[in-house]
Amino acid sequence: MIYRWHYLSAVGDLTMTGTDNTLTSLYFTSQKHIPVSLDDEIIDKETDVFVKVKCYLNSYFKGERPEFSGKIEFHTTPFRKQVYEILSSIPYGKSLTYGEIAKKLIENRLIKNKSIENNKLKAMSAQAVGNAVGHNPVCIIIPCHRVLGKDGALTGFAGGLEAKKKLLSLEGIKYKE
């Protein structure tokens, strides 16, 4: 069974979906890419994991640095999962560029498989990384807002640039417009 709950945040209405114990998405209700299938029957119910999400978000919007104690389950490609692992490692108040994430992906792949001599691992498109970041199914907790363009430039965000500016400002992250 898939459940849904809403959270009105300082940056807009957020929707969360999941099971009793697992979060599968947290997204801006108005965003372009909805990370859940609306074909499934969805029931509005505040589950245990949604209570944990609300606690996390309440702390986050107070300027605290919470740790999410719930379980997250991704229904996506292996490439995107790797991107989301890197996003999850970006500390509060820090940022990475799309290019830096691409370099980290290349490094991770080379470390995992030292015998690969494929030129595709020597370069990776920041645009491919951007596509994965733009489809992040769990915003804020998986901090895609901490990703900036080259030289710290403000770039697109599924929740809108105004929301991204507010999230970056909350964390004290500098960016270029």
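Residues 24 or more positions apart make up 60% of the chain's contacts with a separation of 6 or more, a contact being heavy atoms within 4.5 Å. This is a predicted model, where local features need pLDDT of at least 70, side-chain atom pairs count only at pLDDT 80 or more, and totals for chains, interfaces and linings use all residues. Numbering runs from 1 along each chain as its sequence is written, and side-chain values use heavy atoms, with hydrogens and water left out.

As for the fold, the chain has five helices and seven strands, and reading along the sequence gives β-β-β-β-α-β-α-β-α-α-β-α. Helices (H or I, at least four residues) and strands (E, at least two) are DSSP runs, numbered from the N terminus.

Of the 177 residues, 40% are buried (under 20% relative accessible area; exposed is over 50%, and partly exposed lies in between, with a 1.4 Å probe and protein chains only).

Helix α5 spans residues 161-170, and its buried residues include A163, K164, L167 and L168.

What about the cysteines? The structure has zero disulfides, a disulfide being a pair of cysteine sulfur atoms within 2.5 Å. For C139, the nearest cysteine sulfur belongs to C144 and sits 6.2 Å away. C139 is buried at 3% relative accessible area, while C55 is partly exposed at 47%.
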